[in-house]
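Please read this report with the model open beside you, and find each part as it is named. It begins with the meeting of the chains and ends with a single residue.

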Amino acid sequence: MSHNVYFEDISVGDELPEWSRKTDFMSWNRYAAVNDEFVYIHMDDEAGRAALNEQGAFGMGNLRYAYIVNALQDWIGDEAQIREIGCQFRAINQKNDVLTVVGTVTEKVVEDGESLVRLDVDVVNQAGDKTCPGHAIVAVATR
Amino acid sequence: MATEHDQETLVSAAMMERKGVWRPGKVSPPITDSDIRRWAIAVHWPEEPPAIFWDAEYAAETRWGTIIAPPDFNPFAWPVTSPRAAKPKSGSSEGAKDRSSKGRRGMNGGQVDTYGVPMRAGEVISARNRLRDWDERETRLGQTLFTYTETEWRNQDDELVKRRVSTGIRY
């Protein structure tokens, strides 16, 4: 999947293919292991409740960020590059949430020889809550 | 001790001194293929990660020529020398602090990351950071201070890998 999409074929309003994962301690612990992110609120229900999340431990914002990266990279392909991602962590990732990365193309521009596509992105849960609104810019291939 | 200055602003004298001044940060250990493979497996779990992150033969046929790391890969994970004691983090029941006074409460206001060249096995990444700027204003939370911290990662050839501008919120 070197290049999955080409600049000429992308239009403003196009939607990013949805990318989903169900998250629980299996995914959180694996992420903690590689990122050395062993924080009580992500591991222990008592600590999660002390942090005012009634349901207990909750997921890392960094993992949701990684899901945005994955969705973008899967869309554009291995040889295209993500140039920018900005986001805010607005809602909590509860255990067993199904998180889906969504995005919409908002702008296309050629800058310094790169064909750039700007998107609004978010990570929504199974209830449709927007947990991580933001934007991304990717540099894609031309035909 | 609180001063008149403290009552009017959440901006401290220390912040004024640090504003715009780059501070050297960490230097990563050399990145390995296994670091990259494990990261890719974790963030793609339970699906198989893309071959560019673990299959050297496949990667050799791409424009990169080698395995590359996902953009969000953290080469600074698992430091030996940083304080690793089981210090309760904020939010844990043991770590409860008095957050009732002004400016003691905080939250993560998000981040913007700009990416340069990808990271590869064998590379060593150096970080530096600075308090870039701030913005103080009244919000629904009351007097609120937004601080913008910039972190820059460069590889051993001084190529920009990543620039992050993080927003911290205190109120």
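## How the two chains meet

Two residues are in contact if their C-beta atoms, placed from the backbone, lie within 7 Å. By this rule the contact between the chains takes 31 residues from chain A and 30 residues from chain B. On the side of chain A that touches chain B, at least two residues come from each of α1, α2 (40–43), α3 (45–50), α4 and β2 of chain A, and β2(A) gives the most, with 7 residues. These elements are DSSP runs numbered from the N terminus, helices being H or I of at least four residues and strands E of at least two. The residues on that side of chain A divide into 16 nonpolar, 8 polar and 7 charged, where Ala, Val, Leu, Ile, Met, Phe, Trp, Tyr, Cys and Pro count as nonpolar, Asp, Glu, Lys and Arg as charged, and the others, Gly among them, as polar.

Strand pairing also links the chains: β2(A) runs antiparallel to strand β2 (residues 106–115) of chain B over 4 bridges, and two strands pair if DSSP finds at least two bridges between them. Within this pairing, A:E84 stands opposite B:T114 in β2(B).

## What the model is

This is a predicted model, in which local features need pLDDT of at least 70 and side-chain atom pairs count only at pLDDT 80 or more, while totals for chains, interfaces and linings use all residues. Residues are numbered from 1 along each chain as its sequence is written, and chains are lettered from A and ligands numbered from 1 in the order in which they are written.

## The nonpolar cores

A residue is buried if 20 or more other C-beta atoms lie within 10 Å of its own, exposed if 12 or fewer, and partly exposed in between, with C-beta atoms placed from the backbone. A nonpolar core is a set of buried Ala, Val, Leu, Ile, Met, Phe, Trp, Tyr and Cys residues joined through C-beta atoms within 7 Å. The largest such core has 52 residues, of which A:Y67, A:I68, A:L72, A:A136 and A:V138 touch the most other members. Among the elements that give it two or more residues are α1 (25–35) and α4 (61–76) of chain A, together with α3 (33–44) of chain B. The largest share of this core, 10 residues, comes from α4(A).

Leaving aside neighbours within four places in sequence, A:Y67 is in contact with A:W19, A:R21, A:L99, A:V101 and A:V123. A second, separate core of 6 residues includes A:Y40, A:A51, A:A57 and A:F58.

## Helix α1 of chain A

Which residues of α1(A) are buried? They are A:S27, A:W28, A:Y31, A:A32, A:V34 and A:N35, and these buried residues pack against β1, α2 and α4 of chain A as well as α3 of chain B. Just after α1(A), A:D36 takes a positive phi of about 55°.

## Chain B as a whole

Chain B has 4 helices and 5 strands, which run α-α-β-α-α-β-β-β-β from the N terminus on. Of its 171 residues, 20% are buried.

A:V5 lies in the segment before β1 (19–22) of chain A, and it counts as partly exposed because it has 17 C-beta neighbours inside 10 Å. Not counting residues up to four places away in sequence, A:V5 touches A:I10, A:W75, A:I76 and A:V140.
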